[in-house]
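Subject: Structure handover

Hello,

Here is the structure you asked for. My notes on it follow below.

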Amino acid sequence: MRIDLSGKRVLVTGGSRGIGSALCRAFSEAGARVAVHYGRSREAAENLASDIGGGAMTFGAPLDEIAATEKLFDDVLEAFGGLDVLVNNAGVAVESPISKDVLAYAADWDYTMAVNLRASGLLSRRAIQAFRQNDPTGGRMIHIASRAAFRGDTEDLVAYAASKGGIVSMSRTIARAYGREKIVSFVIAPGWVRTDMAEEGIELYGEEFLTKDNALEGMALPEDVAPMVLLLASGLADHATGTSIDINSGSYVR
Ligand SMILES: NC(=O)c1ccc[n+]([C@@H]2O[C@H](COP(=O)([O-])OP(=O)(O)OC[C@H]3O[C@@H](n4cnc5c(N)ncnc54)[C@H](OP(=O)(O)O)[C@@H]3O)[C@@H](O)[C@H]2O)c1
């Protein structure tokens with residue numbers, strides 16, 4: 001079995017860093033043309049796009065803003081002439097202790113939900129519409145949630161875990177609602193993966209604490225997430241639509 005994504009047009013949100021960056025690289029190596037989205041890390045995104053080549057282009061958009069999120073999709077459609085795969089990967093983990101005053105606490109919830117959940121919903125909506133133009137091949141979406149969706153998270157990441165739980169419900173609904181149109185939807189639920197987000201966790205809790213539940217030695221790397229995402233994007237696993245796949249080093253086995 002060989003995963004060949006030649007001719008496929010892929011949008012990866014949060015492609016500038018971490019897991020998203022590894023996904024962009026892997027998609028490109030498999031022959032896909034990649035839209036590398038970034039929020040603030042424009043230079044990193046541009047360096048990545050020029051490095052991976054294959055017609056990769058960068059697209060900036062703050063995903064907490066509705067109009068910018070819409071424009072991101074418009075820009076990708078205009079540049080690529082359509083879309084075959086959406087990867088909702090961009091995300092934030094805002095540490096928000098309950099000791100905060102209610103307005104600050106609510107602001108953390110709003111920002112977390114806007115970036116992690118609402119933007120994914122808005123982009124999925126546009127992707128469904130775009131995938132309908134791809135008859136008969138349809139389209140595939142993969143949402144990067146978290147182990148937190150299933151096992152919960154630490155005391156200061158209540159909103160983060162809730163946003164990731166929402167991603168799972170969203171993906172299941174899309175999978176069930178649009179399957180007849182050859183539109184499929186999957187969730188990847190990582191445990192700790194060594195990225196900037198994980199570095200923040202390491203600073204707060206220490207690496208030993210973060211990896212103590214792992215069955216495997218050490219912390220996963222972004223490259224460890226990519227092969228499963230490519231398989232799901234390839235069409236070889238379409239009958240698994242609606243599923244959520246754990247990549248958590250055996251730290252939480254459901
Ligand atoms: N690393 C882990 O241990 C882990 C575990 C479970 C789940 N996940 C999930 O995996 C996904 C990727 O995480 P990561 O570890 O690779 O994170 P990361 O290294 O912190 O990178 C986050 C990415 O999201 C983008 N982003 C964040 N806020 C944004 C905003 N407001 N507007 C636009 N883009 C924004 C960033 O873009 P810019 O830098 O360009 O702003 C960056 O590309 C996230 O959904 C995360 O929740 C990660």
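In which segment does S249 lie? S249 sits in the segment after β7 (244-247); helices (H or I, at least four residues) and strands (E, at least two) are DSSP runs, numbered from the N terminus.

Two points on reading the model. Residues are numbered from 1 along each chain as its sequence is written. The model is predicted, so local features need pLDDT of at least 70 and side-chain atom pairs count only at pLDDT 80 or more, while totals for chains, interfaces and linings use all residues.

Backbone points

S249 has a positive phi of about 60° although it is not a glycine. With 21 other C-beta atoms within 10 Å, S249 is buried (buried means 20 or more other C-beta atoms within 10 Å of the residue's own, exposed 12 or fewer, and partly exposed in between, with C-beta atoms placed from the backbone).

K182 is another residue other than glycine with a positive phi, near 60°. K182 is found in the loop between α6 and β6 (183-190), and it is partly exposed, having 18 other C-beta atoms within 10 Å.

The peptide bond from D135 to P136 is cis, with omega near 10°. P136 belongs to the loop between α4 and β5 (139-144).

Helix packing

Helix α3 (residues 66-80) packs with helix α4 (residues 102-131) at an angle of about 30°, and their axes are 10 Å apart. Axes here are lines fitted to C-alpha atoms, for helices over the stretch in contact, and angles run from 0 to 180 degrees between N-to-C directions. That angle makes α3 roughly parallel to α4 (under 35 degrees is roughly parallel, over 145 roughly antiparallel, 65 to 115 roughly perpendicular and the rest oblique). α3 passes α4 in a right-handed crossing; a crossing is right-handed if the near helix is turned clockwise from the far one by less than a right angle, and left-handed if anticlockwise.

On the α3 side the contact is made by I66, T69, E70, F73 and L77, and on the α4 side by A119, L122, L123, R126 and A130. Residues are in contact if their C-beta atoms, placed from the backbone, lie within 7 Å. By class, the contact of α3 with α4 has seven nonpolar, one polar and two charged residues (Ala, Val, Leu, Ile, Met, Phe, Trp, Tyr, Cys and Pro count as nonpolar, Asp, Glu, Lys and Arg as charged, and the others, Gly among them, as polar).

α4 also packs with helix α6 (residues 158-178), at an angle of about 15° and with the axes 9 Å apart. α4 and α6 are therefore roughly parallel to each other, and their crossing is right-handed. The residues making the contact include D108, W109 and T112 of α4 and A159, Y160 and S163 of α6. This contact of α4 with α6 divides into ten nonpolar, seven polar and two charged residues.

Ligand shell

Of the 28 residues around the ligand, G14, G18, G39, G91 and T195 come nearest; a residue counts as near if its C-beta atom, placed from the backbone, lies within 6 Å. α1 (18-29) and α7 (196-205) each supply at least two residues of the shell. By class, the shell has 14 nonpolar, ten polar and four charged residues.

S21

S21 is found in helix α1. S21 counts as buried, with 26 C-beta neighbours inside 10 Å. Leaving out residues up to four places away in sequence, S21 touches G15, S16, L48 and P222. The C-alpha atoms of S21 and L48 are separated by 7.5 Å, although the two residues are 27 apart along the chain.

Regards

Note on methods. Two residues are in contact if their C-beta atoms, placed from the backbone, lie within 7 Å.
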